[in-house]
Amino acid sequence: MSRTIFFEVEILDSRTKQQLCFLDKVEPHSTIGDIKCLFHKSYPKWYPSRQALKLDPSGLHVLLSEGKALRDDDILQSLPVGTTATMYFRDLGPQLGWTMVFLAEYMGPLLIYLLFYFRVPYIYTHKYAFTASPYPVVSMACACHSFHYIKRLIETIFVHRFSHGTMPLRTIVRNCAYYWGFAAWLAYYINHPLYTPPSYGEIQLCEAGNFSIHLTLNNLRGEGHKTRKFPSPTKNPFTWLFFFVSCPNYTYEVGAWVSFSIMTQCVPVALFAFLGFIQMTIWAKGKHRTYNREFKDYPNLRMPILPFIL
């Protein structure tokens, strides 16, 4: 009968190198998530999602596994440590779940835009309070903008599955300032009493495509966390963009905002679309690199976000 070898885990502060906790007789099959829970018992204010544990405090170790924060599902005995493991703790700050993050980010723009659309008092001059624009495109812009964020809220609640549990509170404040600020800026001009409209673009097709891609990604994740597959086109024509790009959800998102820019011909909308394109291109390139690294049979024809271009 084999004898179980237990581990000893020493947790130090990553900045001061002071010992915070010493865990004795830790099971070799324990995960980092289990260790975080044990550490949480000693320090209740540092709940598991607030903790980052590393094997190297500087994050510059030649071994990637030692330079990065350890994943919650990493198993202790599979790490490059002996029976006595030293880990370095960093406080990530207050955290909020991803569902609440997206609800906060998307609910704000939806409500803020409506305040400008209905021209509540003190936004424009008093004589325009609760008046309506005579141009149908202003109402169409409100409907498209509201539909976009209502769709995002529905996806957040019923479709998305989040791989990472939380986001730092300071990041949430920055993201909300971005989304809420741009919503107020573009809504101010589009719903201004002196606004004169042009025509509008094909925004709803892009929204339908974006939603279809999110459903496809959700179904892929639903097959199980241990199943690793790259997304592929289905019978839904909107998913056929997977033949050409790795992240068609971003392609459709950019298309929706470009269409909204054409519809309103408003500078703040165009700027928001441009900045969004830059950020989504960064995300798409990262996912594209991950797919190419993890799957040897990944299609060579695919580009990150724009077919045949980028």
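Reader: Is H145 buried or exposed?
Author: H145 is buried, with a relative accessible area of 2%. Keep in mind that this is a predicted model.

Reader: Which helix is H145 in?
Author: H145 lies in helix α4.

Reader: And what does H145 touch?
Author: Leaving out residues up to four places away in sequence, H145 touches P109, Y113, L186, W257 and F260.

Reader: Where is E155?
Author: E155 is found in helix α4, which covers residues 136-158.

Reader: Buried or exposed?
Author: E155 counts as buried, because its relative accessibility is 1% and the cut-off for buried is under 20%.

Reader: What is E155 in contact with?
Author: Neighbours within four places in sequence aside, E155 is in contact with H160, N210, F211 and H214.

Reader: Switching to the sheet. How many strands, and in what order?
Author: Four strands form an open sheet, ordered β2-β1-β4-β3, and the pairing is mixed. The edge strands are β2 (19-26) and β3 (51-54), each of which pairs on one side only. From one strand to the next, the twist averages 25°.

Reader: Which helix packs on the sheet?
Author: Helix α1, residues 32-42, packs on the sheet and touches β1 (7-13), β2, β3 and β4. The direction of α1 makes about 120° with that of β3.

Reader: How many bridges join β3 to β4?
Author: Four bridges join β3 to β4 (residues 84-91), and the two strands run antiparallel. The bridge partner of A52 in β4 is R90, and L53 stands opposite F89 in β4.

Reader: Which residue takes a positive phi in the hairpin of β1 and β2?
Author: That is K17, with a phi near 65°. The hairpin has five residues between the strands.

Reader: Back to helices. How do α7 and α8 cross?
Author: The axes of α7 (residues 248-264) and α8 come within 9 Å and cross at roughly 170°. The two helices are therefore roughly antiparallel to each other, as angles over 145 degrees count that way.

Reader: Which residues make the contact?
Author: On α7 they include Y250, E253, W257 and F260. On α8 they include V269, F272, F277 and W283.

Reader: At what angle do α5 and α8 pack?
Author: Helix α5 (residues 169-190) and α8 pack at an angle of about 150°, with their axes 8 Å apart. So α5 and α8 are roughly antiparallel to each other as well. Among the contact residues are Y178, F182, W185 and L186 of α5, and P268, V269, L271 and F272 of α8.

Reader: Those have a lot of rings. How many aromatic pairs are in the whole structure?
Author: A search of the whole structure finds 31 aromatic pairs.

Reader: Which residues do ring pairs link into a cluster?
Author: One cluster links W98, F102, Y106, Y149, Y178, Y179, F182, W185, W257, F260 and F272. Among these, W257 and F260 are also in the contact between α7 and α8.

Reader: How many disulfides are there?
Author: Zero, from a search of the whole structure. C144, for one, is in no disulfide, and the nearest cysteine sulfur, that of C142, is 9.4 Å away.

Reader: Is C144 buried or exposed, and what about C266?
Author: C144 counts as buried, at 3% relative accessibility. C266 is buried too, with a relative accessible area of 8%.

Reader: Last one. Where is I309?
Author: I309 is in the segment after α8 (267-294).

Reader: Is I309 exposed or buried?
Author: I309 is exposed, because its relative accessible area is 65% and exposed means over 50%.

Reader: How far apart are I309 and F244?
Author: They are 65 residues apart in sequence and 10.0 Å apart in space, C-alpha to C-alpha.

Note on methods. Residues are numbered from 1 along each chain as its sequence is written. This is a predicted model: local features need pLDDT of at least 70, side-chain atom pairs count only at pLDDT 80 or more; totals for chains, interfaces and linings use all residues. Side-chain values use heavy atoms; hydrogens and water are left out. Buried means under 20% relative accessible area, exposed over 50%, partly exposed in between (1.4 Å probe, protein chains only). Two strands pair if DSSP finds at least two bridges between them. Axes are lines fitted to C-alpha atoms, for helices over the stretch in contact, and angles run from 0 to 180 degrees between N-to-C directions. Contact means heavy atoms within 4.5 Å. A disulfide is a pair of cysteine sulfur atoms within 2.5 Å. Rings of Phe, Tyr and Trp (its six-membered ring) pair if their centres lie within 6.5 Å; planes under 30 degrees apart count as stacked, over 60 as edge-to-face and the rest as tilted. Angles under 35 degrees count as roughly parallel, over 145 as roughly antiparallel, 65 to 115 as roughly perpendicular and the rest as oblique.
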